[in-house]
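Here is a short tour to read with the model open beside you. Please take a moment to bring up the view, and then we will walk through it together.

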Amino acid sequence: MLESLSSKVHEEERQGEAYAPATVDGRSFRKKFYIESYGCQMNFSDSEIVASILNDNGFGATGNYAEADLVLLNTCSIREKAEQTVRNRLQLFRQVKKTKPGMLIGVLGCMAERLKSKFLEEEKLIDMVVGPDAYRTLPQLIDEAEGGQKAVNVLLSRDETYADIAPVRLDSNGVSAFVSIMRGCNNMCAFCVVPFTRGRERSRDAASIVRECAGLFEQGFREVTLLGQNVDSYYWFDEASDKPVTFAQLLEQVALIDPLLRVRFSTSHPKDITDEVLYTMAKYENICKYIHLPVQSGSTRILQLMNRTYTREWYMAKVDRILEILPDCGLSSDVIAGFCTETEEDHQDTLRVMAHARYDMSYMFFYSERPGTLAARRYADDVPEAVKKRRLDEIVKLQNRLSLEKNREDVGKTYTVLIEGDSRKSSADWRGRNSQNKVVVFPKAGSYQKGDYVRVSIEDCTGATLIGRIVEPKMPLGKK
Ligand code: SAH
Ligand code: SF4
Ligand code: F3S
């Protein structure tokens, strides 16, 4: 099996994170659930919806699967490796279930959607298979499973957005939170399983998004990341004002909640990000100057096969436009090595586009054929594993060099940093991020706390981290 090499932990590679027990409004629960989430941030966000639904139905969260009545795995199908990880994990729960026969095991998310009831035939210990649009029916499905039946609901919906369900923030640092603004994807990139596992694209009621973000700010959160597979195609028709809300307008509404609330978003499809969005970002200091703009490949021929709908020139012009309007904007990307028919020249084109865009960081993968996708049906997965591996290696090396170069350019600059908590290595240091989404580590000084903004002068760096110290005077956000 090929491993995906990545210079940083990729969101799609976040694996098996379990949540600590949640106490909800002092409520007591008759049963306990344990949930592990895999895959992208949207899946992690969905787990918080699931937690909310379960809390309302008498289940409290536990971080210890051994004491759970219900074990849930919220799964990802994006690459074969992601599915393999879940299968390995199920092996462990098989052992646990032997000693605790009453324990129910449910598989949620994209793998549940992809495999449907076939999953129950393949993995006999599973009691429930629940797709991403069916979480409202979890209470009934649990009842069925408790009654000894296998329970399945993998219906996809055209309008489900869980807009009215207040997510239970699990595993949160209390500073930054993720807010889903849309679900599904209509893009049909040839390599991608998401349109099949998540269904049609639909946007969530703008007012409910703004309400959720304002509520988070009230609770002390200082950063929200608006989530969607393709946020720039967000569209909501607001009946009250009889006007449509575009993504740029939504960004503005969230930015206006409070200058102390930072706003981020992910992911932007290069074909859809508009000047309107870029100008809105420029207008508000608290909209972070960072865009994740996945290129996938730098070869126009491969981009066409991938159905990405842009050329290498068009992509590079988009990068130039972003930097024209937002000169200090951070940029990151997703890159796939070894897509069907990729030649050495195509690969060189990818390296050249990366060098042009000078990404601060990238998530980099081997192409992994997914059953049912356009690419699986149309093209042979014909680049040998060793070639994929070598090309990915070159991509990773280039990115590491670019990341280090970009970080070195930041030495000597001063940034506003939102403190997220202790540094991973030492409780004597804080860890936070600047607007460009770079991680900044600096010694604790003064009476600052998690959730405060500080001005940090950058003195040193690695390829992944800026290292600095707090400088006075404290500059409030909102002033340049
Ligand atoms: N909606 C986002 C991406 C979602 S999936 C976007 O359009 O950018 C995250 C990343 O996983 C993709 O950008 C792509 O780089 C990678 N990916 C998706 N399918 C893949 C596959 N079959 N093999 C390897 N990487 C894949
Ligand atoms: Fe997949 Fe493309 Fe949709 Fe992203 S935009 S989720 S890569 S189909
Ligand atoms: Fe994975 Fe589904 Fe997200 S396939 S990347 S969990 S949308």
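A residue is near a molecule or strand if one of its heavy atoms lies within 4 Å of it. This is a predicted model, in which local features need pLDDT of at least 70 and side-chain atom pairs count only at pLDDT 80 or more, while totals for chains, interfaces and linings use all residues. Residues are numbered from 1 along each chain as its sequence is written, chains are lettered from A and ligands numbered from 1 in the order in which they are written, and side-chain values use heavy atoms, with hydrogens and water left out.

**The domains**

The protein chain is assigned domain 1 (2-153), domain 2 (173-288), domain 3 (292-310 + 318-410) and domain 4 (414-473); such bounds come from an automatic or database domain assignment.

**Around the ligands**

Ligand 2 has C185, N187, M188, C189, F191, C192, V194, P195, Q229, H269 and R308 around it. Its shell has seven nonpolar, three polar and one charged residues.

Ligand 1 is surrounded by 16 residues, the closest being Q229, P294, Q296, D334 and S368. Some of its polar contacts (pairs of N or O atoms within 3.5 Å; within protein, one must be able to donate a hydrogen and the other to accept it, and residues adjacent in sequence count only if both atoms are side-chain atoms) are set out here.

| Residue and atom | Ligand 1 atom | Distance |
|---|---|---|
| F191, polar backbone atom | nitrogen | 3.0 Å |
| Q229, polar side-chain atom | nitrogen | 2.8 Å |
| Q296, N or O atom in the side chain | oxygen | 2.6 Å |

**Where domain 3 meets domain 4**

The C-alpha centres of domain 3 and domain 4 lie 30 Å apart. Ten residues of domain 3 are in contact with ten residues of domain 4, contact meaning heavy atoms within 4.5 Å. The two domains bury about 740 Å² between them, 48% of it on carbon and sulfur atoms. Buried area is the accessible area (1.4 Å probe) that two parts lose on being put together, summed over both.

Eight residue pairs are in polar contact across this interface, both residues at pLDDT 80 or more. On the domain 3 side, helix 14 (residues 385-410) gives the most, with six residues. That side has two nonpolar, three polar and five charged residues. Helices (H or I, at least four residues) and strands (E, at least two) are DSSP runs, numbered from the N terminus.

**Salt bridges**

How many salt bridges are there between domain 3 and domain 4? The count is two, where a salt bridge is a side-chain nitrogen of Lys or Arg within 4 Å of a carboxyl oxygen of Asp or Glu. The side chains of D360 and K438 also form a salt bridge, at 3.4 Å from N to O.

By this rule the total comes to 47 salt bridges. One of them joins E160 and R136, with their closest N and O atoms 2.7 Å apart. E160 sits in the loop between strand 7 (151-153) and strand 8 (176-180), and R136 in the loop between strand 6 (128-130) and helix 5 (138-146), 24 residues apart.

**Backbone details**

The peptide bond from S266 to T267 is cis, with omega near 10 degrees. T267 belongs to the loop between strand 14 (262-266) and helix 9 (275-283).

Terms used: Nonpolar A, V, L, I, M, F, W, Y, C, P; charged D, E, K, R; others polar.
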